[in-house]
Amino acid sequence: MTEAKRKGLMVLVLVLLAAIGVTQHFVDPMQLRLAREAQPKGGGPQSELMVQLPGQFIVAAAAGFKEVVAGVLWARADGFFHRGEYHSIVPIVRMVTWLDPHNIEVFTTGAWHLDYNFVESNSMSDKRYIPSAIALLREGIANNPDIWDIYFELGFAHYAYKLQDHDEAVKLMEEACKR
């Protein structure tokens with residue numbers, strides 16, 4: 001690359017960064033207004049995720065930094081977990097698996113949330129979420145067929161304990177051992 005092309009490229013990058021800064025200056029007040037309008041009566045976090053995602057995340061994802069955005073979103077999911085807002089984690093899991101389909105932790109932890117953190121009023125595990133947890137792990141296997149962890153999680157956590165399908169659990173554990 002010639003020196004002139006390099007300087008031209010640097011000028012273009014600086015101009016684009018300045019444009020992002022100016023645009024963000026006008027977007028931030030709009031996000032605050034949207035957050036106030038979207039806040040449910042009496043408070044609560046129901047609309048919190050999409051309103052508080054800064055525009056930089058969308059730009060970063062479009063610019064090829066999908067794994068970075070996925071990592072930031074996954075860190076945000078941890079905050080929801082520690083506040084006991086488990087339903088807020090599910091959309092984040094879907095976004096992260098779309099952005100970074102090779103992040104094994106999101107598949108295994110997301111399925112664990114579906115399996116164990118949604119409970120009925122008597123604190124018994126709600127089995128209605130098991131098919132979603134299994135589908136998430138199967139998607140993880142489809143995206144990462146050579147990773148043993150997901151086969152293990154599918155066999156151990158979902159079939160062996162909740163569905164009592166020991167034959168399928170053994171098959172999945174054997175698949176995990178092969179990898």
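Predicted model: local features only at pLDDT ≥ 70, side-chain atom pairs only at ≥ 80, totals over all residues.
Ile92 is located in helix H5. Between the C-alpha atoms of Ile92 and Val106 the separation is 9.5 Å, the two residues being 14 positions apart along the chain.

Helix H5 spans residues 89–99, and its buried residues are Ile89, Ile92, Val93, Val96, Thr97 and Leu99. When H5 is viewed down its axis, these buried residues fall within an arc of 160 degrees, so they line one face of the helix. A general point of helix geometry applies here: an α-helix has 3.6 residues a turn, so residues three or four places apart point the same way.

## Aromatic pairs

The model contains two aromatic pairs. In the pair formed by Phe81 and Trp112, the ring centres lie 5.9 Å apart and the planes meet at 55 degrees; the pair is therefore tilted, since edge-to-face requires planes over 60 degrees apart and stacked requires under 30. This pair links distant parts of the chain, with Phe81 in helix H4 (residues 66–82) and Trp112 in helix H6 (residues 104–116), 31 residues apart. Phe81 has a relative accessible area of 24% and is thus partly exposed. Trp112, with a relative accessibility of 36%, is likewise classed as partly exposed.

Trp148 and Phe152 also form an aromatic pair, with 6.1 Å from centre to centre and 70 degrees between the planes, an edge-to-face arrangement. Both residues belong to helix H8 (residues 148–163); because they are four residues apart, about one helical turn separates Trp148 from Phe152. The relative accessible area of Trp148 is 42%, so this residue is partly exposed. Phe152 is also partly exposed, at 30% relative accessibility.

## Nonpolar surface patch

A nonpolar patch on the surface is formed by Met1, Leu9, Leu12, Val13, Leu14, Leu16, Leu17 and Ile20. Together these residues present about 790 Å² of accessible area. One of them, Leu9, lies in helix H1, which covers residues 3–38.

Key
Residues numbered from 1 in each chain as written. Heavy atoms only, no water. Buried < 20%, exposed > 50% of the residue type's maximum accessible area, 1.4 Å probe, protein only. Helix = DSSP H or I, 4+ residues; strand = E, 2+ residues; numbered from the N terminus. Arc of directions from axis to C-beta. Phe/Tyr/Trp six-rings, centres within 6.5 Å; stacked < 30°, edge-to-face > 60°. Patch = residues over 30% accessible without salt bridge, like charges linked within 9 Å, V, L, I, M, F, W, Y side chains within 5 Å. Areas by Shrake-Rupley, 256 points an atom, 1.4 Å probe, with all protein chains shown as cover. Salt bridge = Lys/Arg side-chain N within 4 Å of Asp/Glu carboxyl O.
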